[in-house]
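Please read it alongside the sequence and the coordinates.

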Amino acid sequence: MSTSRTVGDEHGDEIADGALAAPASHTSHHNDDPYHLDPRDVLEPPTTFAGKLKYLGPGLVISAAVIGSGELITTTALGAKAGFVLLWLVIISTAVKVWVQLELAQWTILSGKPALEGYAHVGPRLIGRAGWINLLWILMDFAKVLQRGGIIGGAVASLSIMLPVFGEPLSSPSLIFWTIVSLAVVISLLVTNKYSIVEKFSVSAVIIFTVSTVGLAVALPFTDFAYTSADVIEGLTFAIPAGTLGFAVAMFGITGVGADEMTTYTYWCLEKGYARYTGPNDGTEERARRARGWISVMRTDVLVSWIVSTVCTMSFYVIGAAILHPQGLVPEGNDMITTLSSMYSSVMGETGHWIFLIGAFAVLFSTFIASSASVPRLWTNTVSILGAFDWTNVRTRSRIIRVLTIVFPIIWALSYLIIQSPVIMVQIGGVASGVFLVAVVIAVWYLRSREVPTEFKSNHFFTVMLVFASLAIGLLGIYTVFETFGIEIGA
């Protein structure tokens, strides 16, 4: 069994190594294609918790993507603005969406198809095989350009403050210099198919930063910025203070697993091998048993990444509420990194300032890398759904992914250099995600009712939680639409 696991893992890493570069002579050899189910690839699922841990990965890649933008930027800013009052929202916002993610990933393992293919099943079809949800995804991704630009901006600003090259730390020449260097590093890493190394780097970067952030949040009661158990209890009372509703909605749209991360997660599940190890649906009980086993591995993967995301997000919020809120500091524009680093320097002096800058760069850069690896895959799949090429043609698919891996990061970086306000840019992306999230919920219920066998829907607890999550996301979507058209709800 250990031999099979090693083989599987190597294969998973090799496939996750970026642009699926299959040599010409191998295009007919299905094992090179993680999106093709071949009976020869089936593998017995691990049955113990320790065994499952060896197959984790997709969730941690998503955590590396998620912990950058929402947690560092929006959550800390919200804590600074509202104080402890909205702490409850952090827990709700990370917990609610997980149930939709679990359902979508289960469909992927059973069908062997990524999420965007599933969205195309929800009619009416508008262009090629693309349905209205696919077109909505395209619109959302255009809005996300700003958010990704904001993330690059945060990473570049922290680099520029640490090592100003031309003039002042946040002067345009210094920012442009570091933007070009960051782009060169990310593109060269991903185009040379070294994504598995990047994945290990980004996950370890997130772990280091999470540990330091949680450590700081836990240490605060012993400093001048002490908070009490009464503050925490007040934060869990489900109140929304005047003037923070818009910020709260952006945070709900952005923290935890957003609609785009749920969508991306299905691609990483396929590339890790969960669906290939399950095998094509031949209607046998053996296959159903393997499917249950690999779905169980996926649920463990999601649970671990959810715990990481929630603990990290709560720490960022507590730090913002305890340090920035009493001082009246709310991060804005390019000063965001400077303001946030003052959280650390006010508690730990100059050392804290440097620890934060290095950590902030690591966590934002890992998000930049995760986006640069995933978005080209999603766009390539979208282009095939629109009818431009056949997704099963591995060579064409690889070539398109590789080209987009070069083009997209450049577009995102330019959007930052032109706008230069990470907080606003990240919030715009958050609102767009809120609307798309509703569409994903509709797709999940459609696929669940039409394409998931009854035996995989028998867990009543999962069903109840999915209903609860769907209602919460629906309310968020209604609010977001009203807000976009300038109709005020609440303060």
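Helices here are DSSP runs of H or I of at least four residues, numbered from the N terminus. The model is predicted, so local features need pLDDT of at least 70 and side-chain atom pairs count only at pLDDT 80 or more, whereas totals for chains, interfaces and linings use all residues. Residues are numbered from 1 along each chain as its sequence is written, and side-chain values use heavy atoms, with hydrogens and water left out.

**Largest cavity**
- The whole structure holds 6 cavities of 30 Å³ or more, a cavity being a set of points, on a 1 Å grid over the protein atoms alone, where a 1.4 Å probe fits but cannot get out.
- The largest cavity has a volume of about 200 Å³, volume being the space filled by probe spheres set on the points, which are joined across faces, edges and corners.
- Its lining comprises 19 residues, of which A65, R148, D260, E261 and S371 are the closest to the centre; lining residues have an atom within 4 Å of a point.
- Helix 3 (58-82), helix 7, helix 12 (259-272) and helix 15 (336-385) each supply at least two lining residues, and helix 15 gives the largest share, 6 residues.

**Helix 7**
- Helix 7 (residues 132-162) bends by about 30° at A143, the bend being the angle between axes fitted to the seven residues ending there and the seven starting there.

**Residue D38**
- D38 lies in the loop between helix 1 (2-16) and helix 2 (49-53), and D38 counts as buried because its relative accessibility is 5%.

Technical notes. Buried means under 20% relative accessible area, exposed over 50%, partly exposed in between (1.4 Å probe, protein chains only). On a 1 Å grid over the protein atoms alone, a cavity is a set of points where a 1.4 Å probe fits but cannot get out, and a pocket is an open set with protein on both sides within 12 Å along at least five of seven lines; lining residues have an atom within 4 Å of a point.
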